[in-house]
Each structure stands twice: as C-alpha cells, then as structure tokens.
Amino acid sequence: MKIKIVRFDIHKQPQQKEFEYEVSHSRLSDALHEIKTKQDNSLTFRQGCGSGVCGSCAVRVNGVERLACKTHINEHDLVEPLNYARVIRDLVVDLSQQEKFLNQAKAYLHEYHATLIGKKDEQAIDVQSNCILCQSCLSSCPVYEVNEDFLGPYVLTRVLRYVNDKKEKNSAEKLASIQSNGIWDCTLCGNCTMVCPQFIDPKTDILNLRTKSYQNGYTDPSLSMNNGFDTSFGNGDFGFNPNGF
Ligand code: SF4
Ligand code: SF4
C-alpha cells in the first residue's frame with residue numbers, strides 16, 4: 001500500500017514537500033516505524049505510549065485529526081502535521097505554544113480548598129479529566145485559524161473541569177478569564193467534538209461555561225451591541241410601539 005506524507009525541513013527548499021512511501025502495516029504508527037527503520041531514517045514523528053493514552057502522536061490523515069496509534073490507513077492516504085502549530089520537523093509540531101493559554105485561563109487547580117470529595121463530585125469532572133492534551137481539537141478549530149488569541153477548545157474544556165472541581169476555591173477568577181477571546185467567540189461548529197479521541201465534547205463544555213457565565217452576571221458581548229438597530233425608535237424602548245408615538 002502506498003501512502004503520502006507531507007514532510008517539513010527548515011534547512012531545505014522547498015521547506016515542505018509531499019513524499020510517497022510503500023508500507024505493509026495498516027496501523028499508521030507501525031507504518032511510520034516501518035518507513036523510518038527500513039526506508040528513510042530521517043523521517044521524524046512523535047510517539048509515546050502507542051496505545052492512545054499519551055496523546056503525543058496526533059497528526060492529520062486526509063485532513064482529519066487522528067492519533068497515529070489508533071488509526072488504520074488506506075491506499076493513497078495523506079498524512080500531515082497538525083494545523084496552526086509551528087512545525088519543528090516533518091510530523092512533529094510545537095505543542096508548548098498553548099501553555100500561555102492554559103496559564104491565561106488558569107486552567108488548573110489554583111486556590112486549593114480542603115474539602116471532602118464524594119462520588120458525585122468525581123463524576124462532575126470525570127469526562128474532562130480524560131483529556132490527553134493531544135491538541136487535535138485545536139487543529140480542527142476554524143476560529144483559531146483566524147484568531148490566534150482564541151483560547152481554543154481544550155483549554156476551555158479544562159477550565160470547565162476546574163470550575164466544576166469542588167477543590168478549587170476561586171472558580172470566579174476562571175470564569176472572568178474566558179470572557180474575552182474565549183467562550184463567546186466559539187461558533188459552536190462542533191469540529192472539536194468530532195475529532196476528540198477521548199470522546200470529550202468541548203462544544204457542550206463551552207455551552208456549559210456560557211450558562212455558568214450568565215449565572216454569574218456576564219453576557220454575550222455580541223448581544224450588547226444591539227445588532228445595529230436604533231433603540232431610540234418609537235417611545236424610546238426597543239421594538240415596535242403599538243401606539244404609534
Ligand atoms: S465548536 Fe467552537 S471551539 Fe470547537 S472547533 Fe468549533 S469554533 Fe472551535
Ligand atoms: S479535548 Fe480531546 S482532542 Fe482536545 S486535546 Fe483533549 S483529548 Fe485531545
């Protein structure tokens with residue numbers, strides 16, 4: 001079976017080029033190893049656990065984000081690095097760029113509150129705790145494509161995880177940090193949910209954060225712009241004046 005790989009080398013011209021390889025393994029991570037050990041040892045890719053736990057082998061296959069260790073390939077498939085991250089070499093991208101957003105949104109346990117944790121409390125943060133930081137969701141996000149300051153799906157999912165964590169004393173600070181370039185900028189397209197290998201649903205998590213924000217006095221900034229209507233119409237109240245004055 002032949003597959004194509006988009007490779008990147010800053011020291012060559014052109015820096016990005018498509019190569020075709022003959023492989024016998026159908027699992028992508030095995031096929032990449034086969035190429036490296038038998039055909040071209042300069043092929044560079046990242047791999048850790050090999051069993052879908054560490055999240056380090058995320059790439060795109062035919063334009064869709066996948067973990068190489070959990071993906072079976074077909075003839076003529078195209079393998080590329082993740083979107084919107086600096087490519088270091090071939091399929092390896094710089095995942096550290098997102099650290100500033102994790103810090104900005106305080107997507108971690110910040111102010112510890114000693115308390116008893118029950119089964120229900122564990123369940124409230126269980127799904128989001130399964131994030132393996134593969135950044136597949138970010139690579140699929142159309143908002144991040146046009147706004148590099150957007151916090152992005154997995155950072156927001158992690159914010160919800162810590163907002164719901166009974167051990168966090170200062171969830172108000174986290175909600176405050178996601179109002180700008182955060183929850184209101186998401187278009188709810190659902191791409192992030194579709195590609196998550198852990199079956200996490202960042203789109204719904206963002207909707208939950210919007211609800212929590214409303215409950216804490218925040219509003220969608222796009223609604224406060226009146227959508228261009230002149231609110232001085234009629235008796236000065238917005239909308240139709242049935243009395244005609
Ligand atoms: S649902 Fe929102 S966060 Fe997820 S990919 Fe779409 S725009 Fe990005
Ligand atoms: S939310 Fe899913 S796709 Fe996004 S980083 Fe976490 S595990 Fe990966």
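Residues are numbered from 1 along each chain as its sequence is written, and chains are lettered from A and ligands numbered from 1 in the order in which they are written. The pLDDT is the predictor's confidence in each residue, on a scale from 0 to 100. Its mean over the protein chain is 91, and 91% of the residues reach 70 or more. Residues 228-245 have a pLDDT below 50, and beyond near neighbours in sequence this stretch has 7 contacts in the model. Two residues are in contact if their C-beta atoms, placed from the backbone, lie within 7 Å. Where pLDDT is low, the predicted coordinates should not be read in detail.

The protein chain has 10 helices and 7 strands. Helices (H or I, at least four residues) and strands (E, at least two) are DSSP runs, numbered from the N terminus. The chain is more spread out than a compact globule, because its radius of gyration is 23 Å, well over the 18 Å that the globule rule gives for 245 residues. That radius is taken over C-alpha atoms, and the rule is 2.2 Å times the number of residues to the power 0.38. Along its principal axes the C-alpha trace spans about 80 × 50 × 30 Å. Among contacts between residues at least 6 apart in sequence, 61% join residues at least 24 apart.

The chain is divided into domain 1 (2-93) and domain 2 (96-224), with bounds that come from an automatic or database domain assignment. Taken over C-alpha atoms, the centres of the two domains are separated by 29 Å. Where they meet, 15 residues of domain 1 are in contact with 13 residues of domain 2. On the domain 1 side, strand 3 (58-61) and strand 4 (64-67) are the elements that give two or more residues. Strand 4 has the largest share of that side, with 3 residues. By class, the domain 1 side divides into 8 nonpolar, 3 polar and 4 charged residues. Here Ala, Val, Leu, Ile, Met, Phe, Trp, Tyr, Cys and Pro count as nonpolar, Asp, Glu, Lys and Arg as charged, and the others, Gly among them, as polar.

Helix 7 (153-163) can now be placed. A residue is buried if 20 or more other C-beta atoms lie within 10 Å of its own, exposed if 12 or fewer, and partly exposed in between, with C-beta atoms placed from the backbone. Of the 245 residues of the chain, 34% count as buried.

A residue is near a molecule if its C-beta atom, placed from the backbone, lies within 6 Å of it. Of the 17 residues around ligand 2, Cys131, Cys134, Cys137, Tyr154 and Cys196 come nearest. Helix 5 (136-139) and helix 7 are the elements that give two or more residues to this shell, and helix 7 has the largest share, 3 residues. The shell has 12 nonpolar, 5 polar and no charged residues.

Around ligand 1 there are 15 residues, of which Cys141, Pro153, Cys186, Cys189 and Cys192 come nearest. The elements that give two or more residues to this shell are helix 6 (142-146), helix 9 (191-195) and helix 10 (202-215). Helix 10 gives the most, with 3 residues. The shell divides into 10 nonpolar, 4 polar and 1 charged.

Some details of the backbone remain. Gln13 and Pro14 are joined by a cis peptide bond, with omega about -10°; Pro14 lies in the loop between strand 1 (2-8) and strand 2 (16-22). Leu133, in the loop between helix 4 (126-129) and helix 5, has a positive phi of about 60° although it is not a glycine. Leu133 is partly exposed, with 15 other C-beta atoms within 10 Å. Asn181, in the loop between helix 8 (171-177) and helix 9, is not a glycine either and has a positive phi of about 55°.

Conventions:
This is a predicted model: local features need pLDDT of at least 70, side-chain atom pairs count only at pLDDT 80 or more; totals for chains, interfaces and linings use all residues.
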